[in-house]
Amino acid sequence: MPSASDEPARADVCATDAPSSERMSSESSASEPVPSEVALPGPQGALTERDRRILALEGRTFRYVGAKERAIREEIGLSKVAYYVRLNALLDEPAALRAAPAVVNRLRARRTSEDGGASLDGDHRVA
């Protein structure tokens with residue numbers, strides 16, 4: 001049977017055996033702020049604020065020529081090329097599919113369709 005002196009020692013061990021992500025979050029918040037653009041890779045990762053804004057922008061309709069490019073520059077703060085590179089990467093992330101399934105599925109279908117972006121000469125490049 002454990003003595004009363006063993007219990008405080010176990011409590012100390014349990015406190016230090018916390019998952020590394022919990023220790024890192026408490027340590028990083030104390031030492032230096034974590035930028036909002038950082039997200040964990042893989043299924044445990046969440047979307048950054050910029051990623052959410054990209055998906056929201058893709059869900060909008062633009063009436064005038066150049067309006068989307070202007071919104072990309074002003075609202076997201078990226079060049080057009082960097083925006084589309086990030087958008088293409090987002091389409092493969094499960095977190096993006098969970099956040100905006102209609103937008104992601106629509107863009108995935110456009111990206112993979114045979115005649116979606118093909119020109120008359122058979123060139124299947126996007127953008």
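**Salt bridges and a helix contact**

Modeller: Asp-51, Arg-86 and Glu-93 are joined in a network of salt bridges, a salt bridge being a side-chain nitrogen of Lys or Arg within 4 Å of a carboxyl oxygen of Asp or Glu. This is a predicted model, in which local features need pLDDT of at least 70 and side-chain atom pairs count only at pLDDT 80 or more, while totals for chains, interfaces and linings use all residues. Residues are numbered from 1 along each chain as its sequence is written, and side-chain values use heavy atoms, with hydrogens and water left out.

Colleague: How many salt bridges does the count come to?
Modeller: The count comes to 7 salt bridges by this rule. One of them pairs Arg-60 with Glu-75, with the closest N and O atoms 2.8 Å apart. Arg-60 lies in the loop between helix 3 and helix 4 (67–76) and Glu-75 in helix 4, so this pair ties together parts 15 residues apart in sequence. Helices here are DSSP runs (H or I, at least four residues), numbered from the N terminus.

Colleague: What about Arg-111 and Asp-92?
Modeller: Their side chains meet in a salt bridge, 2.8 Å from N to O. Arg-111 belongs to helix 7 (residues 101–112) and Asp-92 to the loop between helix 5 and helix 6 (94–99), so the pair ties together parts that are 19 residues apart in sequence.

Colleague: Is Asp-92 buried or exposed?
Modeller: Asp-92 is exposed, with a relative accessible area of 52%; buried means under 20%, exposed over 50% and partly exposed in between, using a 1.4 Å probe and protein chains only. Arg-111, at 30%, counts as partly exposed.

Colleague: Changing topic, at what angle do helix 3 and helix 5 cross?
Modeller: The axes of helix 3 (residues 49–58) and helix 5 (residues 80–90) cross at roughly 95° and come within 11 Å. That makes helix 3 roughly perpendicular to helix 5, a term for angles of 65 to 115 degrees. Axes are lines fitted to C-alpha atoms over the stretch in contact, and angles run from 0 to 180 degrees between N-to-C directions.

Colleague: Which residues make the contact?
Modeller: Helix 3 contributes Asp-51, Ile-54, Leu-55, Leu-57 and Glu-58, and helix 5 contributes Tyr-83, Tyr-84, Arg-86, Leu-87 and Leu-90; contact means heavy atoms within 4.5 Å.

Colleague: Is Glu-58 buried or exposed?
Modeller: Glu-58 counts as buried, at 5% relative accessibility.

Definitions and conventions: Helix = DSSP H or I, 4+ residues; strand = E, 2+ residues; numbered from the N terminus. Parallel < 35°, antiparallel > 145°, perpendicular 65-115°, else oblique.
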